[in-house]
Amino acid sequence: MPSIAVIVLAAGAGTRMKSRTPKPLHPLAGRPLIAHVLSTAGELHPEAIVAVVRHERDRMAEAVLEHAPHVRIADQDEIPGTGRAVEQGLDAIAGFEGHVVVLSGDVPLIDAATLRTLIERHESQGNQLTLLSAHLGDPTGLGRIVRDGSGAFVRIVEQKDASDDERAIDEVNGGIYVFDAAALRTALATIGTDNAQGEKYLTDAALRIQASGGRIDAVAAADPWAIHGINDRIQLADAARELNARIIRRWQAAGVTVVDPASTWIDVDVSLGEDVTILPGSQLHGATSVAAGATIGPDTTLVDTEVGEDAVVKRTDATLSVIGARATTGPWAYLRPNTIVGEGGKIGTFVETKNAQLGAGSKVPHLSYIGDTTVGEGSNIGAGTITANYDGVAKHRTTVGSHVRTGSHNVFVAPVEIGDGAYTGAGTVVRKRVEPGALAITVAPQRNRTGWVEANRPGTAAAEAAAAAEEQAE
């Protein structure tokens, strides 16, 4: 590839999004829009990438550098327009004499292969400007590419200035360009803001290059989505559906079963192994990874969660958690951050965990809250158990050993430790250490007061039923 630099335009306010969030920072498949563009730019291995910012400057710069720390930040001044933005991007790479690729921070589906084709055409033809176009079924509102009878580029005409014949053209300007750096600098220096909007337009650079005899060409993208810009929430949703469909098809081709692609969402940074099955209504977000043979869903949301081989994760909401090989969770399980379920372990129905680590084979099967807790291997936590981890001021930890059996409806008042091999009785409130192998019981002896219903609830159905039962027993 020839020597290139990339300028990414991200200075606009994006008012049609009607949002407090700058348009390039709206999320798409787990990344901000601009992060997709920066990632593609990086695949070209350019000498430099420059992001031009203005609206919400500090917020934009922080987001850009978070996703691509090597990017140079250029600030657009009070002069509006894409031409001025590119001009100030050029200032950040003063002395660069190669080819300048201009991208928009709100066109997230542009791909490196399309850009390489564009750059190769630009280089091989000796162009001063090569722009990316696309053929659209509905080109309304976009600038048309006018060609002569031989198919050579003639000019770009905006819809408002186009004749009826020109409006019938379906090839549109995609707003993605490759410029010769010297020609671009010369052209921008001659462009002013004497127009209805008072802006310095990048498209005017094409007119200047053409007027000076420079060669210009337009290359139609094979994939029209490559030029799909995001201006409002409708277009954002359209792009999300398209990108998600592509992600799903890629994983299906790699050996993943997605039962219902229409109800499944997978972020771009998710990793899946062979023979993973994803059931309907599942969402895999962030840096989630799922190992071979695991089953996810139905109705499951995983965020930054690691799932081991052959695990079954059913109707589970998990964030920043680890679910070990052959472990099971759900249905209706809620795994909050720093939950670790060991190999073969279980988090069952209506169980919530937080900052809890379960050893291999340990289980919390039913109706429990387990927070700030460590459980050893092979232990079973009885139904309805609660770790009382908060004393009103600070959180405290519960430690349960290996091969422990705790009864139903227990409360562990932290900080507390239950030793290896210990048992607890049903209804026990554990307030102090339980030694290994001990049985902890705090339930008072049961007392039955004979005749209480007859004496205190005479004439009720319960009293009549009791009397009948006594007669039958006699």
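1. Let's start with tyrosine 177, which counts as buried at 6% relative accessibility. Keep in mind as you look that this is a predicted model. Phenylalanine 179 is buried too, with a relative accessible area of 1%. Tyrosine 177 and phenylalanine 179 form an aromatic pair, with 5.6 Å from centre to centre and 35° between the planes, and this pair is tilted.

2. How many aromatic pairs does the structure hold? There are two. In the pair of tryptophan 332 and phenylalanine 350, the ring centres are 6.5 Å apart and the planes are at 20°, so this pair is stacked. Why does this pair tie together parts that are 18 residues apart in sequence? Because tryptophan 332 sits in the loop between β24 (328–329) and β25 (333–335), while phenylalanine 350 belongs to strand β27 (residues 346–358). Tryptophan 332 itself is partly exposed, at 45% relative accessibility.

3. Another ring to look at is that of tyrosine 390. Lysine 395 lies over its face, at 5.7 Å from the ring centre.

4. Now for the nonpolar cores. The largest has 50 residues, and those with the most contacts inside it are Ile266, Leu272, Ile278, Leu284, Val307, Ile347 and Ile418. Which elements each supply at least two residues of this core? They are α8 (233–253), β25, β27, β28 (363–375) and β33 (416–418). The largest share, six residues, comes from α8. A second, separate core has 36 residues, including Leu38, Leu44, Ala134 and Val219.

5. Leaving aside residues up to four places away in sequence, leucine 284 touches Trp265, Ile266, Asp267, Val270, Leu272, Ile278, Ile296 and Leu302.

6. Is threonine 264 buried or exposed? Threonine 264 is buried, with a relative accessible area of 0%. You will find threonine 264 in the loop between β12 (257–258) and β13 (265–266). Its side chain reaches the backbone oxygen of aspartate 260 at 2.9 Å. Not counting residues up to four places away in sequence, threonine 264 touches Asn244, Ile248, Val258, Ile278, Leu279 and Ser282.

7. Next, some backbone geometry. Most residues other than glycine have a negative phi, and most peptide bonds are trans. Where are the cis bonds listed here? One runs from glycine 297 to proline 298, with omega near 5°; proline 298 lies in the loop between β18 (295–296) and β19 (301–303). Another runs from glycine 330 to proline 331, with omega near 0°. Proline 331 is in the loop between β24 and β25, and the loop between these strands also holds tryptophan 332.

8. Aspartate 310 is not a glycine, yet it has a positive phi of about 60°. Look for aspartate 310 in the loop between β20 (306–307) and β21 (312–313), where it is partly exposed, with a relative accessible area of 40%. Asparagine 338 also has a positive phi, near 65°. This asparagine lies in the loop between β25 and β26 (340–341) and counts as partly exposed at 38% relative accessibility.

9. Finally, a point from a record. UniProt, in an unreviewed entry, places the feature "domain: MobA-like NTP transferase" at residues 6–133. In the model, the end C-alpha atoms of residues 6–133 lie 18 Å apart, and the span is 36% helix and 23% strand.

Terms used
Residues are numbered from 1 along each chain as its sequence is written. This is a predicted model: local features need pLDDT of at least 70, side-chain atom pairs count only at pLDDT 80 or more; totals for chains, interfaces and linings use all residues. Side-chain values use heavy atoms; hydrogens and water are left out. Rings of Phe, Tyr and Trp (its six-membered ring) pair if their centres lie within 6.5 Å; planes under 30 degrees apart count as stacked, over 60 as edge-to-face and the rest as tilted. Buried means under 20% relative accessible area, exposed over 50%, partly exposed in between (1.4 Å probe, protein chains only). Helices (H or I, at least four residues) and strands (E, at least two) are DSSP runs, numbered from the N terminus. A charge sits over a ring if NZ of Lys or CZ of Arg is within 6 Å of the ring centre and within 35 degrees of the ring normal. UniProt positions are given in the numbering used here, feature names are shortened, and annotations may be inferred rather than shown by experiment. A nonpolar core is a set of buried Ala, Val, Leu, Ile, Met, Phe, Trp, Tyr and Cys residues joined through side-chain atoms within 4.5 Å. Contact means heavy atoms within 4.5 Å. A polar contact is a pair of N or O atoms within 3.5 Å; within protein, one must be able to donate a hydrogen and the other to accept it, and residues adjacent in sequence count only if both atoms are side-chain atoms.
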